[in-house]
Structures are given as structure tokens and as C-alpha cells.
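Hello,

Please find the structure below.

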Amino acid sequence: MPKKKIEKKEVIASLQKHKTDVGSSEVQIGILTERVKYLSEHFVKNKKDKHSNTGLSRIITRRKKLLEYLSKKEPSIYKKVLEQLGLRK
């Protein structure tokens, strides 16, 4: 059974500031959000996978810190990212 790949290129293209941007806060938040969605689907099938659950909590904490940073530095972009990714705050 093939693994579902996270479509990083699509996420990066939708959130990047300029053509070569692959590491801005918005892009990092988008990639982490895709990983969270993927792991959430993974846990539906694999309820006893505690090791991946630890990784998920780390990903969520990192995304939360990036969102806090973005909300302080650039509130307008923060709101745009929340709407685009479907996150709530």
C-alpha cells in the first residue's frame, strides 16, 4: 500500500512571498499544517502508534510558536494565513 505524500510544492506555491521563498514563517506553518493533517489521518487507522503521537505534539508546538511570532510581527499576514489554511484562533 503506497504512502500518501504531503504535497509540499503546492503548499509552498500558495504561501510564498516571492519566487524563491521556501523558508518564511508562512511557508513553514503551511508545511507543518499539512503534516498535522497527514498524521491525524494516520491515527484513525493506527490508534496504538504512540511514537508518532509524540512527534505530532512536537509539530503542533512548533506551529503554535510560529503562529505566535507571525501574529506579533505581521498581523495582516497572520490573518491571511489563518484563513487560507483553515485554522482557528
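Predicted model: local features only at pLDDT ≥ 70, side-chain atom pairs only at ≥ 80, totals over all residues.

Residues are numbered from 1 along each chain as its sequence is written, and side-chain values use heavy atoms, with hydrogens and water left out.

Helices here are DSSP runs (H or I, at least four residues), numbered from the N terminus. H2 covers residues 25-45, and its end C-alpha atoms lie 31 Å apart, in agreement with the 30 Å that its 21 residues should span; the expected span is 1.5 Å times one less than the number of residues. H3 has 24 residues and reaches 35 Å, close to the expected 34 Å.

Glu26 sits in H2 and is buried, at 4% relative accessible area (buried means under 20%, with a 1.4 Å probe and protein chains only). Beyond its neighbours within four places in sequence, Glu26 is in contact with Leu15, Lys17, Leu70, Ile77 and Val81 (contact means heavy atoms within 4.5 Å).

The buried residues of H3 include Leu66, Leu67 and Leu70, and the buried residues of H3 pack against H2 and H4.

The axes of H2 and H3, lines fitted to C-alpha atoms over the stretch in contact, come within 9 Å and cross at roughly 150 degrees. The two helices are therefore roughly antiparallel (over 145 degrees, on a scale from 0 to 180 between N-to-C directions).

Regards

Notes. Buried < 20%, exposed > 50% of the residue type's maximum accessible area, 1.4 Å probe, protein only. Parallel < 35°, antiparallel > 145°, perpendicular 65-115°, else oblique.
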